[in-house]
Amino acid sequence: MDNKRITIAFGDGIGPEIMRAVLRILQAAQAPLEWDVIEIGEAVYRRGVLSGIPPEAWDVIRANRVLLKAPVTTPQGGGYKSINVTLRKTLGLFANVRPCKAYTPFVASAHPLMDLVIIRENEEDLYGGIEHQQTVEMTQVLKLISHPGTESIVRYAFEYARAYGRRKVTCMTKDNIMKITDGLFHRIFNAVAEEYPDIQAEHQIVDIGAARVAAQPETLDVIVTPNLYGDILSDVAAQLAGSVGLAGSSNIGREMAMFEAIHGSAPDIAGKGIANPSGLLQAAVQMLVHLGLGETAQTIENAWLCTLEDGIHTADIYREGLSQKRVGTEAFTDAIIERLGRAPERLQPSRFRNTGIEIRFSVPRPCCKELVGVDVFLDWDESDRNPDVLGRKVEALSGNGLSLRMITNRGVKVYPGGLPETFCSDHWRCRFLAQEGQKAEYNQILDLLRRFNEAGLEVIKTENLYTFDGVPGYSAGQGE
Ligand code: NAD
């Protein structure tokens with residue numbers, strides 16, 4: 001088999017020590033790899049490169065497509081940007097993969113059987129940073145969920161399950177409330193799941209799902225979820241497993257992938273030879289599976305599990321009575337190498353497949369998209385915010401093919417026929433629709449906005465209303 005070429009970065013603090021340990025293990029396991037070394041991190045920041053990544057490093061990262069990265073130190077202040085955020089955004093790394101596993105009794109955990117993986121969408125949802133303040137009282141953020149973005153992450157989750165011999169993928173969304181955005185995520189999950197009959201698929205509303213992560217994590221296997229839920233769930237799950245210091249994570253893109261430990265550069269113990277290389281080794285194992293080298297990954301993972309089981313522990317996981325021998329980075333690495341070819345007896349041995357992980361997604365077929373109306377958002381703070389007063393003013397603006405359907409405040413219908421108990425902010429949404437079965441023209445919307453302006457009403461934004469193959473692409477008002 002041809003060697004695979006990867007990029008490695010030694011990082012800062014304990015980075016070089018743990019990377020040397022991991023490379024020794026990879027070589028001892030005869031992983032068919034070659035690597036190019038790039039310099040990123042503290043020294044590069046200090047040379048005035050605010051991203052911490054020099055141009056020549058980008059060329060190598062892009063050519064080799066797979067990066068194994070030791071932790072780097074981000075200097076405080078000074079406009080320095082996080083290398084991780086830069087790599088994730090620039091390279092389109094859409095999936096964050098965070099295995100959370102208990103290694104009881106060798107590492108204390110309240111959930112000894114926990115062994116789950118959170119696959120978090122990493123580019124969309126509320127993390128686009130598109131936020132506005134629109135009125136004195138109201139702020140908003142745009143939540144973006146796309147078909148290709150969702151299909152990529154969902155397919156990745158099923159492919160991951162296959163490569164790692166896992167049995168079940170659980171999708172977590174809040175589509176009982178966000179029927180269009182989270183609804184799309186759920187629908188695509190259902191459709192993709194049909195192509196993987198060998199993997200059990202289930203959906204759970206994220207609040208109940210989060211409770212299950214906390215109370216019965218052993219009932220979960222692979223979780224796939226949008227960005228924000230995944231962000232929260234992966235931190236909760238990592239803490240519950242009790243193995244934060246042993247965990248690796250990966251960031252996967254359609255072209256590129258990056259693998260790293262969860263912990264940082266630990267400057268307090270750098271150079272002392274006591275750092276635990278397990279987090280970065282876990283990252284390397286994930287990288288091998290990603291590259292289709294599941295057999296080598298399995299050999300290394302099982303040797304590592306044997307080492308834990310034999311009680312040979314670095315200081316961070318050493319426990320009197322449980323551990324047999326307290327060792328430094330070098331001796332821990334030697335112990336793993338000595339155990340290559342062995343399988344653990346008490347911990348569950350790992351079984352990875354050599355299939356690699358294919359990233360696929362489709363673009364939805366074009367459909368019949370028709371403009372049928374507009375939501376006009378207003379900043380209005382007059383007449384004690386009486387919806388009927390605003391309603392009468394806005395009603396009078398109907399005409400030229402568009403008529404007022406309703407006014408909502410914070411999503412709740414307040415005109416016509418609202419309740420006096422509903423609290424109204426200074427932020428209003430007026431929905432205008434073309435007649436049933438008729439299309440709207442954009443010129444009619446422009447004309448309507450001109451009438452709003454002439455009536456002295458402050459339009460803060462508009463949102464066009466479309467149907468897709470006759471199905472409304474907009475939500476109804478609460479109480480409509
Ligand atoms: P940290 O994870 O580096 O250290 C937290 C504690 O855990 C320290 O006491 C440390 O000694 C210990 N620790 C961490 N890794 C260990 C290991 N492998 N073996 C034994 N003990 C270990 O977190 P921090 O101190 O908040 O951050 C230090 C630096 O790391 C900061 O500059 C931060 O920006 C950076 N950082 C980088 C990454 C990354 O590159 N992905 C992630 C987190 C933090």
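In this predicted model, Arg-65 sits in the loop that links helix 3 (55-64) to strand 3 (66-69). The backbone of Arg-65 is worth a look, as its phi angle is near 75 degrees, a positive value in a residue other than glycine.

Pro-105 belongs to the loop between strand 4 (93-101) and strand 5 (115-121).

Helix 1 (residues 15-28) and helix 9 (residues 278-290) cross at roughly 45 degrees, and their axes come within 9 Å. Helix 1 and helix 9 are therefore oblique to each other, and their crossing is right-handed. On the helix 1 side, the contact is made by Ile-18, Met-19, Val-22, Ile-25 and Leu-26, which meet Leu-280, Leu-281, Ala-284 and Leu-288 of helix 9. Sorted by class, this contact has 9 nonpolar residues, with no polar and no charged ones.

A second pair is formed by helix 7 (residues 206-215) and helix 8 (residues 227-241), whose axes are 10 Å apart and which pack at an angle of about 15 degrees. Angles under 35 degrees count as roughly parallel, and helix 7 and helix 8 are therefore described in that way. Helix 7 passes helix 8 in a right-handed crossing. Val-206, Ala-210, Val-213 and Ala-214 of helix 7 make the contact together with Tyr-229, Leu-233, Ala-237 and Leu-240 of helix 8. By class, the contact of helix 7 with helix 8 has 8 nonpolar residues and neither polar nor charged ones.

Finally, the model holds a ligand, which is surrounded by 18 residues. The closest of them are Gly-264, Ser-265, Ala-266, Asp-268 and Asn-276. Ala-266 also takes part through its backbone: one of its backbone N or O atoms lies 2.7 Å from an oxygen atom of the ligand. The backbone of Val-72 contributes as well, with a polar atom 3.0 Å from a ligand oxygen atom. In the case of Glu-260, a polar side-chain atom lies 3.1 Å from a nitrogen atom of the ligand.

Methods. Residues numbered from 1 in each chain as written. Predicted model: local features only at pLDDT ≥ 70, side-chain atom pairs only at ≥ 80, totals over all residues. Heavy atoms only, no water. Axes fitted to C-alpha atoms, helices over the stretch in contact; angles between N-to-C directions. Helix = DSSP H or I, 4+ residues; strand = E, 2+ residues; numbered from the N terminus. Parallel < 35°, antiparallel > 145°, perpendicular 65-115°, else oblique. Left-handed = near helix turned anticlockwise from the far one by under 90°. Contact = heavy atoms within 4.5 Å. Nonpolar A, V, L, I, M, F, W, Y, C, P; charged D, E, K, R; others polar. Near = heavy atom within 4 Å. Polar contact = N/O pair within 3.5 Å; in protein donor to acceptor, adjacent residues only side chain to side chain.
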